[in-house]
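Here is a short tour for a first look. Keep the sequence and the 3D view side by side.

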Amino acid sequence: MTLSFQISNLTPEDHSRALEVWETSVRATHDFLDEETIRSLKPLVQEACLNSMPVYCIRDKSQTVIGFIGVDAPKIEALFIDPDWRGKGIGRQLVEYAINELEVELVDVNEQNEQALGFYQHLGFEVAHRSDVDGFGKPFPLLHLKLAE
């Protein structure tokens, strides 16, 4: 079932909830990360994403953040959906918003995250090149995707 939600700006008051969404989403999808790595990434996500770029979110009926996208145009820097809300079109709606309203055309995906790769390919992205490390210099290869022309 695909739902349609209003997209709004993430506020500083939303940061703790956004970090919860990030952590539960990472635990559900990034099985290649160990506990120590997840803990070490959390403050980096706070600083490099939530405090440093425009972040847009979708909220449920109670106004709780259930998904967010961080954009440093022309690139998606973060997309995380509460696992309870996956498969309902929230990620698609956020990515389509980023493409249509924010002129996004790039995104990086952990090579080991095959679900994310398939998701972005389904939305029209293709692999442009690969890096041996992630954006934090950690040994998690990245696939650099570009929106197909």
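At what angle do helix α3 and helix α4 pack? This is a predicted model. In it, helix α3 (residues 90-102) and helix α4 (residues 114-122) meet at about 55°. Their axes lie 11 Å apart. That angle makes α3 oblique to α4. The crossing of α3 past α4 is right-handed.

Which residues form the contact? On the α3 side they are G91, R92 and V95. On the α4 side they are F119, Y120 and H122.

Look next at N113. This residue sits in the loop that links β5 (106-110) to α4. Is N113 buried or exposed? Its relative accessible area is 7%, under the 20% cut-off, so N113 counts as buried. Leaving aside residues up to four places away in sequence, N113 touches T29, H30 and F32.

## Helix α2

Helix α2 covers residues 35-50, 16 residues in total. From first C-alpha to last, α2 reaches 21 Å. That is close to the 22 Å expected at 1.5 Å a residue. Where does α2 bend? The bend is at L44, by about 30°.

Several residues of α2 are buried: T37, I38, L41, V45, Q46, C49 and L50. An α-helix has 3.6 residues a turn, so residues three or four places apart point the same way. What do the buried residues of α2 pack against? Their partners are the helix α1 (15-29) and the strands β2 (55-59), β3 (65-72) and β4 (75-81).

Technical notes. Residues are numbered from 1 along each chain as its sequence is written. This is a predicted model: local features need pLDDT of at least 70, side-chain atom pairs count only at pLDDT 80 or more; totals for chains, interfaces and linings use all residues. Side-chain values use heavy atoms; hydrogens and water are left out. Helices (H or I, at least four residues) and strands (E, at least two) are DSSP runs, numbered from the N terminus. The expected span of a helix is 1.5 Å times one less than its number of residues. The bend at a residue is the angle between axes fitted to the seven residues ending there and the seven starting there. Buried means under 20% relative accessible area, exposed over 50%, partly exposed in between (1.4 Å probe, protein chains only). Contact means heavy atoms within 4.5 Å. Axes are lines fitted to C-alpha atoms, for helices over the stretch in contact, and angles run from 0 to 180 degrees between N-to-C directions. Angles under 35 degrees count as roughly parallel, over 145 as roughly antiparallel, 65 to 115 as roughly perpendicular and the rest as oblique. A crossing is left-handed if the near helix is turned anticlockwise from the far one by less than a right angle, and right-handed if clockwise.
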